[in-house]
Amino acid sequence: MIPPGDLSSPVGFVLGVDLLHIFPLEGATFLCPADVTDPRTSQRILELLPGGRADVILSDMAPNATGVRDLDHDRLISLCLSLLGMTPDILHPGGTFLCKTWAGSQSRQLQRRLTEEFQSVRIIKPEASRKESSEVYFLATQYCGRKGAVKQ
């Protein structure tokens, strides 16, 4: 048993999903190779999550680059939207969603969807990201579900 307030002990459950093999990492569970957009993977995620819910969904995924900037951007936005579509089944109310994208024409669509489901949405450019890179992250906090959606 972990004593209350013992910050040196790990707390929580980390579940990673990747198309490629990931070497085991102490304190984390991995589904790999697995495609997060595959319904079978979604079901397995629900089975593995304690209580079937997550506090945070963090995505650093990206499609294999074609070199065609607009196409690559559209494919990444599609991945982010696919993951966002899983939030009603996976994310706890009040939860956080962080996803990487590349700035482009479809970014507003993703941002609009996020603002429909989260109380706060910010765009973050990590210091480690090259200045010339179009890489940005959407940080959406306080998940409240889709506004106007019928709750079941």
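**Pocket lining.** I looked up which element gives the largest share of the lining of the largest pocket, and I found that S3 supplies it, with 6 residues; strands and helices here are DSSP runs (E of at least two residues for strands, H or I of at least four for helices), numbered from the N terminus. Strand S1 (14–17), S3 and H2 each bring at least two residues to this lining. I noted about 1,100 Å³ of space in the largest pocket, where the volume is the space filled by probe spheres set on grid points that are joined across faces, edges and corners. Of the 35 lining residues, Leu15, Gly16, Val17, Leu58 and Ser59 are the closest to the centre of the pocket. The pocket is an open set of points on a 1 Å grid over the protein atoms alone, where a 1.4 Å probe fits and protein lies on both sides within 12 Å along at least five of seven lines, and lining residues have an atom within 4 Å of a point.

**What I am reading.** The model is predicted, so I kept in mind that local features need pLDDT of at least 70 and side-chain atom pairs count only at pLDDT 80 or more, while totals for chains, interfaces and linings use all residues. Residues are numbered from 1 along each chain as its sequence is written, and side-chain values use heavy atoms, with hydrogens and water left out.

**The chain as a whole.** I counted 4 helices and 6 strands in the protein chain, and from the N terminus on the elements run β-β-α-β-α-α-β-α-β-β. Of the 152 residues, 34% count as buried, which stands for under 20% relative accessible area, with exposed over 50% and partly exposed in between (1.4 Å probe, protein chains only).

I then turned to Lys100, where UniProt, in an unreviewed entry, places the feature "active site"; UniProt positions are in the numbering used here, feature names are shortened, and annotations may be inferred rather than shown by experiment. Lys100 is in strand S4 (residues 91–102) and counts as buried, because its relative accessibility is 10%. Leaving aside neighbours within four places in sequence, I found Lys100 in contact (heavy atoms within 4.5 Å) with residues including Ser59, Asp60, Cys80, Glu135 and Tyr137.

**Nonpolar core.** The largest nonpolar core has 26 residues, and among those with the most contacts inside it I noted Ile45, Phe97 and Leu114; such a core is a set of buried Ala, Val, Leu, Ile, Met, Phe, Trp, Tyr and Cys residues joined through side-chain atoms within 4.5 Å. H2 gives the most to this core, with 6 residues. The core draws at least three residues from each of domain 1 (11–52) and domain 2 (54–151), with bounds from an automatic or database domain assignment.

**Leu114.** Not counting residues up to four places away in sequence, Leu114 touches Leu84, Phe97, Val121, Phe138 and Ala140.

**Backbone details.** I noted that the peptide bond from Cys32 to Pro33 is cis, with omega near -5 degrees, and that Pro33 is in the loop between strand S2 (28–31) and helix H1 (39–48). Gln142, in strand S6, has a phi near 60 degrees, a positive value in a residue other than glycine.
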